[in-house]
Amino acid sequence: MLIDKSNQNAVCDIFRMNDNIVATGKLEKITDDYIAITSSGNIPPIKPQTLVKISIHQEHSQNLVVVGLVADASERFVRVIKMQDFKQFNKREYFRLNVMINSKIQLKDHSGILTDVVIPVKVRDLSLKGIFFVAKDNSLLPGDKLDIILPLNDSYTYSCTVRRKVDYYRSIGYGCSFDELTNKQEDCLCNYLFDQQRKEIMRFKNKET
């Protein structure tokens, strides 16, 4: 069990993945499948499937920090599922997930305004910090700004900055960093990577058995 039942009734803090605190509460219930946190104050709305970080104040040792997905929540109650140790999750924070996503980018001018230039691309890998895509177009340069649609669990438009440009077989590869993410964008990206990481862990464990 990830969280020992001796931590029941311990004080805990709930954070978004950008470290903004959401609420402080009490660890009301601990099971193999979920934890339940209650709060005497008003918990702001948290959508199901939001990835959160929970810091549990243990009585005789340092805080235990886990990450998990919100299953359901109200003003005084949050239930979190699919938990894993934050240290292990954090080791994979910059893990780049191999993908094959057809998308398109729209370039911005030097003022950050979208232009009429739209280029089809294939996203080949993805992380919490950025993306790598390939295109036939050779005109992009490091420092260029663009928007890209990423159809993950939900579809959002992400603003990016080109950081590097490389030859990629018969195409051109572009490594980009994400600009500032909204909460919804961050939730979608974290949720997708979190699910893929869990699947990778399960595949690794199944190979060992």
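Mentor: Here is a short chat about this model.

Mentor: It is predicted, so to speak of local features we need pLDDT of at least 70, side-chain atom pairs count only at pLDDT 80 or more, and totals for chains, interfaces and linings use all residues. Residues are numbered from 1 along each chain as its sequence is written, and side-chain values use heavy atoms, with hydrogens and water left out.

Trainee: Okay, which strands make the closed barrel?

Mentor: The order is 7-8-9-12-11-10, 6 strands with antiparallel pairing. Strands here are DSSP runs of E, at least two residues, and helices are runs of H or I, at least four, numbered from the N terminus. Pairing takes at least two DSSP bridges between two strands. The twist averages 45° from one strand to the next, with axes fitted to C-alpha atoms, for helices over the stretch in contact, and angles from 0 to 180 degrees between N-to-C directions.

Trainee: How many residues sit between strand 10 and strand 11?

Mentor: There are 3, in a hairpin. Strand 10 (residues 145-151) and strand 11 (residues 155-168) share 7 antiparallel bridges, and Ile149 has Thr157 as its bridge partner.

Trainee: And what's in the turn between strand 11 and strand 12?

Mentor: That hairpin has 2 residues between its strands, and Tyr169 in the turn has a positive phi of about 50°.

Trainee: Where does strand 10 meet strand 7?

Mentor: Strand 7 (residues 97-108) runs antiparallel to strand 10, with 3 bridges joining them. Leu107 is partnered with Leu146 there.

Trainee: New topic: how many disulfides?

Mentor: The count is 0, with a disulfide being two cysteine sulfur atoms within 2.5 Å.

Trainee: Last one: which residues touch the most other members of the largest nonpolar core?

Mentor: Ile131, Phe133, Leu146 and Ile148, out of 40 residues. Such a core is a set of buried Ala, Val, Leu, Ile, Met, Phe, Trp, Tyr and Cys residues joined through side-chain atoms within 4.5 Å. Helix 2 (residues 183-208) gives the largest share, 6 residues.

Note on methods. Buried < 20%, exposed > 50% of the residue type's maximum accessible area, 1.4 Å probe, protein only.
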